[in-house]
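Here's a quick tour for anyone meeting this structure for the first time. Take a look at the sequence and the 3D view, then read on.

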Amino acid sequence: MELTRDALARMIDHTLLSPTATDADVAGVVEEARLLGTWSVCLSPSRLPLPVRPPALHVAAVAGFPSGQHSPRSRLPRPLRRWRPAPTRSTW
């Protein structure tokens with residue numbers, strides 16, 4: 001089986017994880033991913049949702065990437081996060 005350029009591109013996530021990325025940087029990497037034909041664009045969750053996403057492009061997000069863009073609470077294991085009960089009628 002021959003691996004073509006297009007087949008290889010569909011195996012790649014085009015990534016931008018810079019904590020200083022601007023809206024223009026994100027738009028640029030999305031356009032590059034579209035032109036290159038990559039499977040997805042991978043961004044920090046703080047950059048989502050995308051205002052516009054080309055139809056054939058998937059979106060991936062990193063979890064806990066050490067960029068300083070995530071709150072300390074989001075990095076805690078789920079059982080250690082403070083549980084809050086749902087509001088009851090008496091708290092409305």
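Predicted model: local features only at pLDDT ≥ 70, side-chain atom pairs only at ≥ 80, totals over all residues.

Two strands count as paired if DSSP finds at least two bridges between them. S1 and S2 run parallel and are joined by four bridges. One spot to look at is Asp-13, which stands opposite Ser-40 in S2.

Zooming out, the sheet is an open one made of three strands, in the order S1-S2-S3, with parallel pairing. S1 and S3 sit at the edges, and each of them pairs on one side only. On average, neighbouring strands here are turned by 25° against each other, ignoring direction. In general, strands of a sheet pair through backbone hydrogen bonds, either parallel or antiparallel.

Here are the stretches to find in the view:

| Element | Residues |
|---|---|
| strand S1 | 13-16 |
| strand S2 | 40-43 |
| strand S3 | 58-61 |
| helix H2 | 23-36 |

Now for the helix. H2 lies across S1 and S2, and runs at about 165° to S1.

What about the inside? The largest nonpolar core has ten residues, among them Leu-16, Val-29, Val-41 and Leu-57. H2 and S2 are the elements that give two or more residues to this core, and H2 provides the largest share, four residues.

Which residues does Val-41 touch, leaving aside its neighbours within four places in sequence? Val-41 is in contact with His-14, Val-29, Val-30, Ala-33, Leu-50, Leu-57, His-58, Val-59 and Ala-60.

Key. Residues numbered from 1 in each chain as written. Heavy atoms only, no water. Core = buried A, V, L, I, M, F, W, Y, C linked by side-chain atoms within 4.5 Å. Buried < 20%, exposed > 50% of the residue type's maximum accessible area, 1.4 Å probe, protein only. Contact = heavy atoms within 4.5 Å. Axes fitted to C-alpha atoms, helices over the stretch in contact; angles between N-to-C directions.
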